[in-house]
Structure formats: structure tokens, C-alpha cells
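Q: I have a model open and a few things to ask about it. Can we go through them one by one?

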Amino acid sequence: MSCTIRAALPSDEATWRQLWRGYCDFYGTQLPEEVTNRTWKRILDPDSQVMCVVAEVDGQVYGFAHCVVHENTWETQAVCYLEDLYVTPAARGHGVGTALLEWLRNAMRAEGWARLYWMTKADNAEARRLYDRFTQADDFVRYVVRLK
Ligand SMILES: CC(C)(COP(=O)(O)OP(=O)(O)OC[C@H]1O[C@@H](n2cnc3c(N)ncnc32)[C@H](O)[C@@H]1OP(=O)(O)O)[C@@H](O)C(=O)NCCC(=O)NCCS
């Protein structure tokens, strides 16, 4: 299977929206339409720190990775936070998720990001099997304070 990883294009919008809905469903979340619209807008905006790469096989997009490249206080170089990773259920287990992560690891080297990092739920066994092949999880714990 030959999987191409590339930046999302305006023509990916319908498929991206479908995949994004699947990802939100996976997390049991219903996001307001304005959030989805703004996310898509930022993905296409070259001045935004949000980026999206999609995984395409035979002209069909099966998954995406969303990242935010940002400054940090521990390095002189920027770092890349992988915020969302998703592969449509029917396409899982064929290396699409691996291809997306490998592409990001190569981009890290090419762009000079000091690191690529992400988090997942402790009980997300499927994702963690994949992640464990890239690196070891550390022991940081996430705290979140919300506006509402
Ligand atoms: C996590 C997720 C992105 C993985 O995507 P994926 O495309 O299935 O990942 P891969 O196919 O690269 O790897 C998964 C398995 O397929 C196997 N695999 C990899 N390449 C393969 C290939 N060419 N042929 C067959 N199997 C392959 C891997 O060995 C792995 O098997 P394992 O479970 O025994 O370790 C996907 O399951 C998903 O979207 N889950 C729901 C959302 C989610 O949890 N996202 C992460 C939130 S942090």
C-alpha cells in the first residue's frame, strides 16, 4: 500500500469534515460549527501555527494529523505539538497512522523543531501501541483549568 502524506488542500474540505466528525465522535464530543469552521480556516492559513497533513491512498484521504508549531522556553528552536491524529476505522491497521507519525518525525528534522510531542488518554491502547514504537511515554500528568 502506497500512502502519501501531504499538506491539506482546500479541495480536502468535505473529506476532512467527515474525518473530523469521526474524530470528535471518538472523543464523544460535539463541537460548535464555528469551532470546526475556524479550525479549517486556520489549517489553510499559511500564517497560522496550526497545520494539517492528510494521508492519501489511491487518491482517497483516510486520515489526518493536526499540529501546532510553537515557541517554548526550553529550547531555542520551535517545538511541534501533535494535537489530533485520526485514521478512519475501515483503514486502520495498514500503516496509515505510522506513515503520518513518520512524516512528522521527518518534518521535525527538516524544519529543525527541537521536538515533536503529544499526549493521549492512558487507556487508549490502540493509539499507545502505535506510539510506543516511536518513543516512551513520560510521567507528566495533565492539569486543565477551564474558562467555563
Ligand atoms: C491510533 C490510530 C491513529 C492508529 O492508526 P492506524 O492507521 O490504525 O495505525 P497503524 O496501522 O500505523 O498501526 C496500527 C497497527 O497496524 C499495524 N500495521 C502497521 N503497518 C501495517 C501494515 N502495512 N499492514 C498491516 N498492519 C500494519 C501496526 O503494527 C499496528 O499493529 P499493532 O496494533 O499490533 O501494534 C487510529 O487507530 C485512530 O484513529 N484511532 C482513533 C483516534 C485516536 O485514538 N487517535 C489518537 C488520539 S491521541
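Q: How much space lies in the second largest pocket?
A: About 200 Å³. Bear in mind that this is a predicted model.

Q: Which residues line that second largest pocket?
A: The lining is made of R17, W20, R21, C24, D25, T29, Q30, L31, P32, E33 and T36.

Q: Which element gives the largest share of that lining?
A: Helix 1, with five residues. Helix 1 and helix 2 each supply at least two residues of the lining.

Q: What span should helix 1 have, and what are its ends doing?
A: Its 14 residues should span 20 Å at 1.5 Å a residue, and the end C-alpha atoms are 20 Å apart, so the two agree.

Q: Which residues of helix 1 are buried?
A: W16, R17, L19, W20, G22, Y23 and C24. An α-helix has 3.6 residues a turn, so residues three or four places apart point the same way.

Q: What do the buried ones pack against?
A: Helix 2 (33–44), strand 2 (50–57), strand 3 (60–70) and strand 4 (79–87).

Q: What follows helix 1?
A: G28, which has a positive phi, near 60°.

Q: Which non-glycine has a positive phi?
A: D58 has a positive phi of about 50° and is not a glycine. D58 sits in the loop between strand 2 and strand 3, and its relative accessible area of 79% makes D58 exposed.

Q: What does the side chain of D12 make a polar contact with?
A: The side chain of R6, at 2.8 Å.

Q: What else is D12 in contact with?
A: Leaving aside neighbours within four places in sequence, D12 is in contact with R6, A7, W40, V54 and V61.

Q: V54 makes me think of strand 1. What does I5 touch?
A: I5 is in strand 1. Not counting residues up to four places away in sequence, I5 touches V53, V54, A55, A99, L100 and W103. I5 counts as buried at 14% relative accessibility.

Q: Changing topic: where is V96, and which residues does V96 touch?
A: V96 is in helix 3, residues 96–111. With residues up to four places away in sequence not counted, V96 touches M1, C3, A55, V87 and A91.

Q: How far apart are V96 and C3?
A: They are 93 residues apart in sequence and 6.9 Å apart in space, C-alpha to C-alpha.

Q: Is V96 buried or exposed?
A: Buried, with a relative accessible area of 2%.

Q: Last one, N72. Where is N72, and is N72 buried or exposed?
A: N72 is in the loop between strand 3 and strand 4. At 17% relative accessibility, N72 counts as buried.

Q: What does the side chain of N72 reach?
A: The backbone nitrogen of E75, at 3.2 Å. A polar atom of the N72 side chain also lies 3.1 Å from the backbone oxygen of Q77.

Q: And which residues is N72 in contact with, leaving aside neighbours within four places in sequence?
A: Q77, A78, V79 and R115.

Q: How far is N72 from D25?
A: The two are 31 Å apart in space, C-alpha to C-alpha, and 47 residues apart in sequence.

Note on methods:
Residues numbered from 1 in each chain as written. Predicted model: local features only at pLDDT ≥ 70, side-chain atom pairs only at ≥ 80, totals over all residues. Heavy atoms only, no water. Polar contact = N/O pair within 3.5 Å; in protein donor to acceptor, adjacent residues only side chain to side chain. Contact = heavy atoms within 4.5 Å. Helix = DSSP H or I, 4+ residues; strand = E, 2+ residues; numbered from the N terminus. Expected span 1.5 Å × (residues − 1). Buried < 20%, exposed > 50% of the residue type's maximum accessible area, 1.4 Å probe, protein only. 1 Å grid on protein atoms, 1.4 Å probe; cavity = no way out; pocket = protein on both sides within 12 Å on 5 of 7 lines; lining within 4 Å. Points joined across faces, edges and corners; volume = space filled by probe spheres on them.
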